[in-house]
Amino acid sequence: MQSVLVVDEDRTVLRTAADWIESFGYDVTGATTASCALEAMEQSPRDIALCDVSMAGSDGVWLAWRLREQHPNTALIVATALRDC
């Protein structure tokens, strides 16, 4: 079974995304901050990481760079719901 790390500071978005991804048979771990995501990856590396770009503190782009350095075999998806009006 493939595993996914979902990172979003909005707990509702995190839970919704995690539930949806789990419905396809993936094992999902969630994190609300970049530092929690890195800790989760150290404890149990995941196959895929889905990171929100816009987070307080260290953002999703910073996290993606760290994940690429520390877990080069993890596929990265970086996304955001922000729109430029």
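How many aromatic pairs does the rule give? The count comes to one aromatic pair, where rings of Phe, Tyr and Trp (its six-membered ring) pair if their centres lie within 6.5 Å, with planes under 30 degrees apart counted as stacked, over 60 as edge-to-face and the rest as tilted. The pair is made by Trp20 and Phe24, whose ring centres are 5.0 Å apart and whose planes stand at 85 degrees, so it counts as edge-to-face. Both Trp20 and Phe24 are exposed; here buried means under 20% relative accessible area, exposed over 50%, and partly exposed in between (1.4 Å probe, protein chains only).

A word on the model itself. It is a predicted one, in which local features need pLDDT of at least 70 and side-chain atom pairs count only at pLDDT 80 or more, while totals for chains, interfaces and linings use all residues. Residues are numbered from 1 along each chain as its sequence is written, and side-chain values use heavy atoms, with hydrogens and water left out.

Next come the charged side chains. Side chains of opposite charge can pair when their charged atoms come close. Searching the whole structure turns up four salt bridges, a salt bridge being a side-chain nitrogen of Lys or Arg within 4 Å of a carboxyl oxygen of Asp or Glu. One of them joins Arg15 to Asp19, with 2.8 Å between the closest N and O atoms. These two residues sit in helix H1 (residues 11-22), four residues apart, or about one turn of the helix; helices (H or I, at least four residues) and strands (E, at least two) are DSSP runs, numbered from the N terminus. Arg15 also meets Glu22 in a salt bridge, at 3.5 Å from N to O. As for accessibility, Arg15 is partly exposed at 44%, Asp19 is partly exposed at 39%, and Glu22 is partly exposed at 35%.

Another salt bridge pairs Glu69 with Arg66, and here the closest N and O atoms are 3.9 Å apart. Glu69 and Arg66 are three residues apart in helix H3 (residues 60-70), so about one helical turn separates them. Glu69 is exposed, with a relative accessible area of 56%, whereas Arg66 is partly exposed at 24%.

Two packed helices are described by the angle between their axes and the distance between the axes. The axes of H2 (residues 34-43) and H3 come within 10 Å and cross at roughly 20 degrees; axes are lines fitted to C-alpha atoms, for helices over the stretch in contact, and angles run from 0 to 180 degrees between N-to-C directions. H2 and H3 are therefore roughly parallel to each other (angles under 35 degrees count as roughly parallel, over 145 as roughly antiparallel, 65 to 115 as roughly perpendicular and the rest as oblique). From H2, the residues Ala34, Ala37, Leu38, Met41 and Glu42 meet Trp62, Leu63, Arg66, Leu67 and Gln70 of H3, contact meaning heavy atoms within 4.5 Å.

Met41 has a part in the surroundings of Thr74 as well. Thr74 lies in the loop between H3 and strand E4 (75-79) and is buried, with a relative accessible area of 5%. Neighbours within four places in sequence aside, Thr74 is in contact with Met41, Arg46, Asp47, Ile48, Ala49 and Arg68.

Thr32 is buried at 18% relative accessible area. With neighbours within four places in sequence again left out, Thr32 is in contact with Asp8, Glu9, Arg11, Leu14 and Met55.

In helix H1, Ala17 counts as buried at 19% relative accessibility. The C-alpha atoms of Ala17 and Val28 are separated by 9.5 Å, with the two residues 11 apart along the chain. Ser54 has its place in the loop between strand E3 (48-52) and H3 and is partly exposed, at 33% relative accessible area. From C-alpha to C-alpha, Ser54 and Thr80 are 6.6 Å apart in space, and 26 residues apart in sequence.
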